[in-house]
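Please read the following note beside the model.

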Amino acid sequence: MQIPCPPLSEEDRCRGIHQDQGQFLARQDRWADLAQALELADQDRLMTPAGMPVADLLSFGARSDVIMAVEHALADARTADSPALLDGIGALEELLAETPDCPWRAATVAMAHIDTGWLWRGTGWQTQVPDSNLEAFAAHFDRARDILERFQTQRAASPFLNAAWCALHGAGGHHPDRISRDFETLIDLNPLNPAPMRALGNYMSPRWFGSYEKLELEARRTAARLLPEWGAGGYTWVMMDALAGDDEACARVDTEFLIEGLADILERRPDQHTVNLMASWCMNTIGWQDGADSEANAVRRRIAACSDWIVRRHMTELHPLIWAHAARGFDNNLRVGSARRFAAAGQEDAVRLLRHIFRREIDEGMKIVFTDDGPVTKQA
């Protein structure tokens with residue numbers, strides 16, 4: 001089997017450019033320039049080819065040094081009052097104090113607090129997290145809320161500010177209807193960005209703050225509102241992360257609608273990042289999670305089977321990191337010890353699963369070659 005496997009995809013390169021720009025401006029203390037870049041990117045709804053908002057990437061780059069320092073300090077088991085945990089976020093607070101009326105700087109500092117809170121908490125069940133870590137998590141989210149409260153009017157037309165506000169819901173404490181309303185506002189401000197739809201589905205699942213009934217309702221409401229942009233794809237985006245590892249969610253899902261949404265998403269966004277995302281989700285995240293529920297397993301097999309037509313119709317290159325994340329449920333807070341080994345594991349998984357798709361051709365002695373027009377079979 002021959003398939004191109006670029007070290008960096010077009011999407012990776014694009015994201016890296018904007019993250020590096022944000023990091024550079026922060027390191028050079030050019031926060032006014034960063035704020036201007038954030039405002040322009042937000043107003044113009046600038047996005048990468050796969051739909052990641054440029055404003056989010058600029059902001060992440062600007063706070064990345066602080067977050068990385070916190071991550072390293074926590075890995076070294078530093079205490080909550082350690083300078084390694086306080087200095088970076090303290091420096092951002094000082095910058096905010098210099099221009100307290102700048103919503104772009106404020107949202108970046110607030111998101112640094114939210115990122116730090118998640119590093120303290122992790123993504124495990126709350127009963128598994130030490131009380132001291134939960135206290136730190138809550139304190140950072142409380143501070144982020146205090147920062148963002150004063151910019152309620154500015155966020156009315158801003159996906160970037162609304163995304164920061166919706167991120168606060170990770171701390172819980174609000175009725176599911178309030179959460180879904182806030183995410184509806186964010187989604188409608190920039191319907192071409194799939195990330196809020198995936199987050200909405202996650203929060204509407206019983207594992208977080210919702211129920212199976214609420215999850216289904218919000219997935220259908222999202223699909224109906226976004227029919228011009230995504231066809232049935234809104235339903236699929238909302239369901240993606242909610243289905244992972246949940247037998248009952250799989251058993252309840254409208255499989256036909258979900259599969260129709262897969263096709264609609266790839267028709268509208270055929271870039272290789274999205275193709276690899278959907279193929280790996282079908283085959284790796286969902287397809288290899290058989291449990292005790294036979295009805296859920298039947299749904300998983302139908303979803304996994306979609307990887308066949310996704311690969312045959314749409315795939316031209318392999319993105320190993322996406323497959324590696326798919327095998328681990330797309331955990332945004334996953335700590336990766338070695339990026340090289342992580343990517344290698346993803347590539348190994350992907351090649352094994354692609355061979356499974358083409359097993360009949362391979363058994364007949366054919367060679368599979370992925371071209372710019374998709375996979376073709378040749379005599380070996």
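1. Rings of Phe, Tyr and Trp (its six-membered ring) are paired if their centres lie within 6.5 Å; planes under 30 degrees apart count as stacked, over 60 as edge-to-face and the rest as tilted. By this rule there are twelve aromatic pairs. The model is predicted: local features need pLDDT of at least 70, side-chain atom pairs count only at pLDDT 80 or more, and totals for chains, interfaces and linings use all residues. Residues are numbered from 1 along each chain as its sequence is written, and side-chain values use heavy atoms, without hydrogens and water.

2. Phenylalanine 137 and phenylalanine 141 form a tilted pair, 4.5 Å centre to centre with 45° between the planes. Both lie in helix 6 (residues 131–149), four residues apart, about one turn of the helix. Helices here are DSSP runs (H or I, at least four residues), as are strands (E, at least two), numbered from the N terminus.

3. Tryptophan 230 and tryptophan 237 form an edge-to-face pair, at 5.6 Å centre to centre and 80° between the planes. Tryptophan 230 counts as buried because its relative accessibility is 1%; tryptophan 237 is buried at 2%.

4. One aromatic cluster is formed by Trp118, Phe137, Phe141, Phe183, Tyr203, Trp208 and Phe209.

5. As for the whole chain, it has 19 helices and two strands. Of its 380 residues, 52% count as buried. The C-alpha trace spans about 70 × 45 × 40 Å along its principal axes.

Terms used: Buried < 20%, exposed > 50% of the residue type's maximum accessible area, 1.4 Å probe, protein only.
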